[in-house]
Amino acid sequence: MKAVQMVKAGAEPELRDVPKPTPGPGQVLVKVTAAGACHSDDFVLNAPEGAFPYPLPMTLGHEGVGVIAELGQGVSTVSEGTAVAIYGPWGCGVCHFCSQGLENYCSRAADLQITPPGLGHDGAMAEYVVVDDPRHLVPIGDLDPVTTVPLTDAGLTPYHAIKPSLSKLLGGTTAVVIGSGGLGHVAIQMLRHLTPARVIALDVTQEKLDFAKQVGAHEAVLSDADAVENVRKITGKDGATAVFDFVGYQPTINTAMGVVGTMGDVTIVGLGDGKAAATVGFWSQPYEVSVRTPYWGARAELIEVLDLARDGVLDVAVERFSLDDGVAAYRKLAANDLRGRAVVVP
């Protein structure tokens, strides 16, 4: 079968012919109908050699949707032919966090060498992918695989980031979204549906600001050296109640800390260059500001996100690529030349 694989650190991925996998005991083989390309893939591809000790070559794709093609020995809780989304942040299933459904925060994953598909072992950017346990599969019914696959990360991650701030985002409050790309444009839609807050979007080009307003932002501000001042002109002295940074570079984190108000939330979601950090201290930000760095989301939250999609709340912008053009999708991703999410359809 064909697969888009990371072959060497610091190099672009390659389309390669690899053996079709076979599910082992307790595993499930999924025929992939759509796979998403993500900025975290680009982050891993361009990391220095040794930064991520993944076995190479490795099939990319931690966003996957497909149809159950074959059941491994002992699997009886799912059926062949079922359309499913793959929940990506796998854990041990039994630790304190996993027992709450928060496998994204599994306390034993590193020790047990459990990794997400496409981020440590072969993922969904292929014709078939093996899923280690049926609990990682969520039925999608008649949802479109192409527009659904980004929700496994680009939907789940912002949803998980937004939920802790919902109780603060009441009438008369402001939420700021920095970066209106793959995750940010979904976050804007979620904020508009789940809260009455005014939503201000920041990005680096007028085209992206126009896009942010198309998907629901009330205001759009250029993310530049004057961003803090311009956002503060809108919020006034109260500042923003919640700021969601989907970029994560030092300038955007500085902007987030500069626009947040007293008792506000700053949530840093974007990976940036892996070096940026918020400066926190008594004199560094308004009183009682909370700063969070969430990771992905819970399986139950993925179910909730898919329910939002069924209700017609989410309109995910996607650009389709064939598996043969999967490498081109990653080139466009690296060039920041995508509007929304790149989806590869085998």
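1. Across the whole structure, 13 salt bridges are found; a salt bridge here is a side-chain nitrogen of Lys or Arg within 4 Å of a carboxyl oxygen of Asp or Glu. Side chains of opposite charge can pair when their charged atoms come close. This is a predicted model, in which local features need pLDDT of at least 70 and side-chain atom pairs count only at pLDDT 80 or more, while totals for chains, interfaces and linings use all residues. Residues are numbered from 1 along each chain as its sequence is written, and side-chain values use heavy atoms, with hydrogens and water left out.

2. Lys2 lies in strand β1 and Asp324 in the loop between β15 (318-322) and α10 (326-334), so the pair ties together parts that are 322 residues apart in sequence. Helices (H or I, at least four residues) and strands (E, at least two) are DSSP runs, numbered from the N terminus. Lys2 is partly exposed at 32% relative accessibility, and Asp324 is partly exposed at 45%. For these classes, buried means under 20% relative accessible area, exposed over 50%, and partly exposed in between (1.4 Å probe, protein chains only).

3. Lys2 also has a place in a sheet, where Lys2 stands opposite Asp17 in β2. Strand β1 (residues 2-6) pairs with β2 in the antiparallel sense over four bridges; two strands pair if DSSP finds at least two bridges between them. The open sheet has three strands in the order β2-β1-β4, with antiparallel pairing. Because β2 (14-17) and β4 (58-59) are at the edges with a single partner strand each, one side of each has no neighbour in the sheet.

4. Which residues are linked in a network of salt bridges? They are Glu63, Asp153 and Arg341. Between Arg341 and Asp153 the closest N and O atoms are 3.9 Å apart. Arg341 sits in strand β16 (residues 341-345) and Asp153 in the loop between α3 (145-148) and α4 (156-162), 188 residues apart. Arg341 is buried at 3% relative accessible area, and Asp153 is buried at 7%.

5. Some backbone details fall in loops. The peptide bond joining Leu56 and Pro57 is cis, with omega about 0°, and Pro57 is in the loop between α1 (39-45) and β4. Gln113 is not a glycine but has a positive phi of about 60°; Gln113 is in the loop between α2 (109-112) and β7 (128-131) and is exposed, at 71% relative accessibility. Glu288, also not a glycine, has a positive phi of about 55°.

6. Val176 belongs to strand β9 (residues 174-178). Is Val176 buried or exposed? At 1% relative accessibility, Val176 counts as buried. Beyond its neighbours within four places in sequence, Val176 has contacts (heavy atoms within 4.5 Å) with residues including Ile200, Val231, Phe244 and Val259.

7. The lining of the second largest pocket has two nonpolar, nine polar and three charged residues; Ala, Val, Leu, Ile, Met, Phe, Trp, Tyr, Cys and Pro count as nonpolar, Asp, Glu, Lys and Arg as charged, and the others, Gly among them, as polar. Strand β13 gives the most to this lining, with four residues.
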